[in-house]
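Here's a quick tour for anyone meeting this chain for the first time. Have a look at the sequence and the 3D view, then read on.

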Amino acid sequence: MRAFSIAAFLCCIAFASAVRAEDPVQTAQNLIEQQIEAFLHDDAATAYSFAAPGIKALFPDKDSFFAMVKKSYQPVYHPGNYAFGKSRAIDNGAVVYQEVLITGTDDKDWTAIYQITRQPDGSYKINGVQILSKATSEGI
């Protein structure tokens, strides 16, 4: 019984270390995917929940945020297809830049460059997105 308790304790420590050591780029990509899924389902509350405090200061409620995205970020709001491109984590993962290659529902190609920032509680939030037409995209 004691051997089982020690083994369980060691597994918990290993799991906790794995959670803390989670890859910031993978975390950023998961966050982006979840927000795009929320946009595709017109779920303003969930999409807004991924916004960093600075974005929420500019758009203090989900409705104003959602209206801005629909108007100015159509390729992200309802992409036809998308894939992750280049990424870069800086400052020990405190900031992640993630390129997302998008084919819009209008068949135009776009590049969205997301800035994801680690928050004081350790979570990550979307701090901004720059949309470039594929012809003018320079990447990260």
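## Strands side by side

Let's begin with a pair of strands: β1 and strand β2 (residues 95-104) run antiparallel to each other, joined over 9 bridges. Strands count as paired here if DSSP finds at least two bridges between them. Across that pairing, phenylalanine 84 sits opposite valine 100 in β2.

Zooming out, 4 strands make an open, antiparallel sheet in the order β1-β2-β3-β4. β1 (79-90) and β4 (124-133) are the edge strands with a single partner strand each, so one side of each has no neighbour in the sheet. From one strand to the next, the twist averages 20 degrees.

## Where the picture comes from

This is a predicted model: local features need pLDDT of at least 70, side-chain atom pairs count only at pLDDT 80 or more, and totals for chains, interfaces and linings use all residues. Residues are numbered from 1 along each chain as its sequence is written, and side-chain values use heavy atoms, with hydrogens and water left out.

## The whole chain

In total there are 6 helices and 4 strands, and along the sequence they follow the pattern α-α-α-α-α-α-β-β-β-β. Helices (H or I, at least four residues) and strands (E, at least two) are DSSP runs, numbered from the N terminus.

Of the 140 residues, 33% are buried, meaning under 20% relative accessible area with a 1.4 Å probe, protein chains only. The chain exposes about 8,300 Å², with carbon and sulfur atoms supplying 57% of that; the areas come from the Shrake-Rupley method.

## A helix across the sheet

α2 lies across β1, β2, β3 (109-118) and β4, at about 155 degrees to β1. Such angles run from 0 to 180 degrees between N-to-C directions, using axes fitted to C-alpha atoms, for helices over the stretch in contact.

Is threonine 27 buried or exposed? This residue of helix α2 (residues 24-40) is buried, with a relative accessible area of 16%. Leaving aside neighbours within four places in sequence, threonine 27 is in contact with Glu22 and Tyr124, where contact means heavy atoms within 4.5 Å.

## The largest pocket

The largest pocket holds about 180 Å³ of space. Among its 13 lining residues, Phe65, Met68, Val69, Tyr73 and Val129 are the closest to its centre. A pocket is an open set of points on a 1 Å grid where a 1.4 Å probe fits, with protein on both sides within 12 Å along at least five of seven lines; lining residues have an atom within 4 Å of a point. At least two lining residues come from each of α2, α5 (62-72) and β4.

Terms used
Buried < 20%, exposed > 50% of the residue type's maximum accessible area, 1.4 Å probe, protein only. Areas by Shrake-Rupley, 256 points an atom, 1.4 Å probe, with all protein chains shown as cover. Points joined across faces, edges and corners; volume = space filled by probe spheres on them.
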